[in-house]
Amino acid sequence: RNMGEKTVLFILGCQGDVSVHRIFPALFRLFNSQTLQPGTKIIGFSRNIAGKTTEEKYETMESAIAPYLGAGDSKSFFELCHFMDGEATSPKTMGALEELGRKVTGSDSFKRIYYFAIHARYLLKTIEAIPMGSCGETRVVLEKPLGRDLESSNKLTKALSEKFGEANVYRLDHFLGRKMAANIHVLRFMNKLTEPVWSKEHVAAIVIACRESA
């Protein structure tokens, strides 16, 4: 869907694996194919770049992201990007992030997309810290799992719906355990202990359980 001429994508947790390996490369491919909405700005947010100058933040992020971008005009792509540090759970910091959005767009009215690439334990307080009442549409993208149990999941769902509206909330499955699952065939055929017995005659079912603590 067309998000309009002025859109800011806030990537919360811009130094994490998902951001570096997936989100930025995907945005770069959109940019190179000229399918990234004109006027889009990208603001990466991370507490791990605190204490650095603006130039040092760019250098840190470029060095982390560049190896995964592939061919294309990375210099022009990074001109769309801005980076900020702080605690995502702080209303003051999130207010400053909103102000940076106004600065890079030159407007008080712009579309906002918040991508939560942060640890699940910080989600609820971060949601509560995001300022509302500003002009422009706001959408949020989160990775599953949401919460550590049914109670915490329900709290997150309620907070998201009350603040942003359910129609503006997008939940994604992330890549937990993807490499292990993709390499099962390697284990099956390259391991001399498992190769003779891992067959339909000896295996009734395969169950993959990937667990992570919140």
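What follows walks through the sheet of this predicted model, one arginine in it, and a few other local features. Residues are numbered from 1 along each chain as its sequence is written. Local features need pLDDT of at least 70 and side-chain atom pairs count only at pLDDT 80 or more, while totals for chains, interfaces and linings use all residues; side-chain values use heavy atoms, with hydrogens and water left out.

The sheet comes first. It is open and built from 6 strands in the order S3-S2-S1-S4-S5-S6, with parallel pairing. Strands (E, at least two residues) and helices (H or I, at least four) are DSSP runs numbered from the N terminus, and two strands pair if DSSP finds at least two bridges between them. Strands S3 (81–84) and S6 (169–173) sit at the edges with a single partner strand each, so one side of each has no neighbour in the sheet. On average, neighbouring strands are turned by 20° against each other, direction ignored; axes here are lines fitted to C-alpha atoms, for helices over the stretch in contact, and angles run from 0 to 180 degrees between N-to-C directions.

Now for S4 and its partners. Strand S1 (residues 7–12) runs parallel to strand S4 (residues 111–116), and 6 bridges join the two. Val8 stands opposite Arg112 in S4, and Phe10 stands opposite Tyr114 in S4. Turning to strand S5 (residues 138–144), S4 pairs with it in the parallel sense over 5 bridges, and here Phe116 faces Leu142 in S5 as its opposite residue. S4 is mostly covered, with 5 of its 6 residues buried (buried means under 20% relative accessible area, exposed over 50%, partly exposed in between, with a 1.4 Å probe and protein chains only).

As for aromatic pairs, a search of the whole structure finds 5. In one of them, the ring centres of Phe77 and Phe78 are 5.6 Å apart with planes at 65°, so the pair is edge-to-face. Rings of Phe, Tyr and Trp (its six-membered ring) pair if their centres lie within 6.5 Å, with planes under 30 degrees apart counted as stacked, over 60 as edge-to-face and the rest as tilted. Both Phe77 and Phe78 are buried, and together with Phe28 and Phe31 they form one aromatic cluster.

Ala159, in helix H6 (residues 150–164), counts as buried at 15% relative accessibility. Gln34, in the loop between helix H1 (17–32) and S2, is exposed, with a relative accessible area of 72%. Most residues other than glycine have a negative phi. Gln34 has a positive phi, near 60°.
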